[in-house]
Amino acid sequence: TMESLAAMFAHRPYVVGFLAAFAVLAYCERGALRAALWLVLGTFLGWASEYCSVSTGFPFGHYAYHKEQFAGEIWLGPVPLFASLSFAFLSYFSYSAARRLLGQWTGAGWQLAAAPLAPSAAARGATAALAAIVGTWMDTVIDPVTLLGRYWFLGDLYHYESAGFHFGVPLSNYRGWLVTIGGIVLANEGIDALLARGRIRLARGPALPFESLWGIACCAGVFAFILAVNAGLAASSRVPAEEPVGAILASGALSFALFLAFVAIMIRRGYRAAAGLQPAHRG
């Protein structure tokens, strides 16, 4: 119902911000139809993955949501819609970043741009694999902080059956992110291939300024948001001393720094790849 949707967004306004970024980026890169398909399919596959995990332990491991924290919100079985919705925009940010990072980079300043890989089965597989890695990379910063949700506005949303080695997060959780993000990207790329094979024009929206950087910037924004929350927790007197907030912050900051270094390395590689395709000039 509309009241349930309103409750979900009112309790977590940051989701609105990330959804707005997704809507703009996906519409411009893929057009209205394929952006809507990504939202629906990403949410559904995220829900299916979580439903399977809550029920069987695969792929994320055994965990459970706390229903009292989602009062008045939409539930699909044992999984709140809010949780599944997050997979749609996080998978798209990862995909948009991956398809640019794997491409060839040219220009500088206002002319900076990346050409995505030419469509092929190999290119789709490489993009899905890198997107899965990027999405999981973000989650190494997200999940340790969400487990501390009772100390900030997120709330105490869920718990794992057995605490894991990574600040309470089990290794199986990251396996689940690899599988789920990779699956969402492959499914959407498969739809693109079917549409192209049926000679249906893959329309897109208007071009964005610095469009090649938007997906990367959205991923960086997720890192920055979680680190800002983490920094607030580190400075808060509400968090018990036994919680390793400082260590989580240091780990997250290192992960973000490594991500930025990886982006720089991939862009440099893309420049070299583009230069290698230029015809040699004879003196």
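Mentor: The model is predicted, with local features requiring pLDDT of at least 70, side-chain atom pairs pLDDT 80 or more, and totals for chains, interfaces and linings using all residues. Residues are numbered from 1 along each chain as its sequence is written, and side-chain values use heavy atoms, leaving out hydrogens and water.

Trainee: What makes the count of helices and strands in the chain what it is?

Mentor: Helices are DSSP runs of H or I with at least four residues, and strands are runs of E with at least two, numbered from the N terminus. The chain holds seven helices and six strands, in the order α-α-β-β-β-α-β-β-α-β-α-α-α.

Trainee: What angle and what axis distance describe the packing of α2 and α5?

Mentor: Helix α2 (residues 13–56) and helix α5 (residues 171–197) pack at about 145°, with axes 9 Å apart. Axes are lines fitted to C-alpha atoms over the stretch in contact, and angles between N-to-C directions run from 0 to 180 degrees.

Trainee: Which residues make that contact?

Mentor: Contact means heavy atoms within 4.5 Å; the residues include Trp38 and Leu41 of α2 and Ile184 and Asn188 of α5.

Trainee: What share of the residues in the chain is called buried?

Mentor: Buried means under 20% relative accessible area, with a 1.4 Å probe and protein chains only; 49% of the 283 residues are buried.

Terms used:
Buried < 20%, exposed > 50% of the residue type's maximum accessible area, 1.4 Å probe, protein only.
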